[in-house]
Amino acid sequence: MFARFTEAARRAVIKAGTHALDAGRPALPAELLLLGLAEVRPFALDTFTATPEDVREHVDTGDARTLLATLGIDLDAVHRRTRAGTDDPALWRLGRSRIRPLRVTLYGPLGAIPLAAHARKAVEVAMSRPGPVTGERLLWGLLADGSNGTGRILRATGVDLCALVREAGIPTVRRAA
């Protein structure tokens, strides 16, 4: 499934998967996919003003950073030493289960994690049109599902969703007059 993804879009999904694995999550939720997009920024959208720090405030990353800091351990230094080269997109793949076709799993050197329903839907919406899956398409997939909370998070970080949708070229449904 990763074959159609651009390099930057792959990196965003991998970053989200890494966050989910670090947090010990049973699945990769849509909120962490949004955090991965905010960190990697696989697009040049001026209206996407959310910073990774802003998004992290609204997403439970299960980060043990503060606890480890009280013990004198720098989590970033540990990650740099133990994860050298693990963010290479060539080492990761996104696959659908043959037995359970609705299950999509991200496999990589740090482990495997299935995508939660809303994250899987975002990826499937991004892949629904022909052509490469870009960061804009992943964002479209996240915003297409109004129940996953990513629109709420972006609004809370000060993003003008209407302007973002227009700039990203995300299709909208027109209502009959």
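Student: How do the residues of the lining of the second largest pocket divide into nonpolar, polar and charged?
Tutor: This is a predicted model, in which local features need pLDDT of at least 70 and side-chain atom pairs pLDDT 80 or more, while totals for chains, interfaces and linings use all residues. Residues are numbered from 1 along each chain as its sequence is written, and side-chain values use heavy atoms, without hydrogens and water. A pocket is an open set of 1 Å grid points where a 1.4 Å probe fits, with protein on both sides within 12 Å along at least five of seven lines, and lining residues have an atom within 4 Å of a point. With Ala, Val, Leu, Ile, Met, Phe, Trp, Tyr, Cys and Pro as nonpolar, Asp, Glu, Lys and Arg as charged and the others as polar, the lining has 10 nonpolar, five polar and three charged residues.

Student: Which helices each supply at least two residues of that lining?
Tutor: Helices here are DSSP runs (H or I, at least four residues) numbered from the N terminus. Those asked for are H7 (135-144), H8 (150-156) and H9 (161-168).

Student: How are H7 and H9 oriented to each other?
Tutor: Their axes, fitted to C-alpha atoms over the stretch in contact, come within 11 Å and cross at roughly 135°. Angles under 35 degrees are roughly parallel, over 145 roughly antiparallel, 65 to 115 roughly perpendicular and the rest oblique. H7 and H9 are therefore oblique.

Student: What classes of residue make the contact of H7 with H9?
Tutor: Contact means heavy atoms within 4.5 Å. H7 brings Glu136, Leu139 and Leu143, and H9 brings Leu161, Leu164, Val165 and Ala168. By class they are six nonpolar, no polar and one charged.

Student: How are H6 and H7 oriented to each other?
Tutor: Helix H6 covers residues 117-126, and its axis lies 7 Å from that of H7 at an angle of about 130°. The pair is therefore oblique.

Student: Which residues of H7 make the contact with H6?
Tutor: On the H6 side are Ala122, Val123, Val125 and Ala126. The contact has eight nonpolar, one polar and one charged residues. H7 supplies Arg137, Leu138, Trp140, Gly141, Leu142 and Ala144.

Terms used. Axes fitted to C-alpha atoms, helices over the stretch in contact; angles between N-to-C directions.
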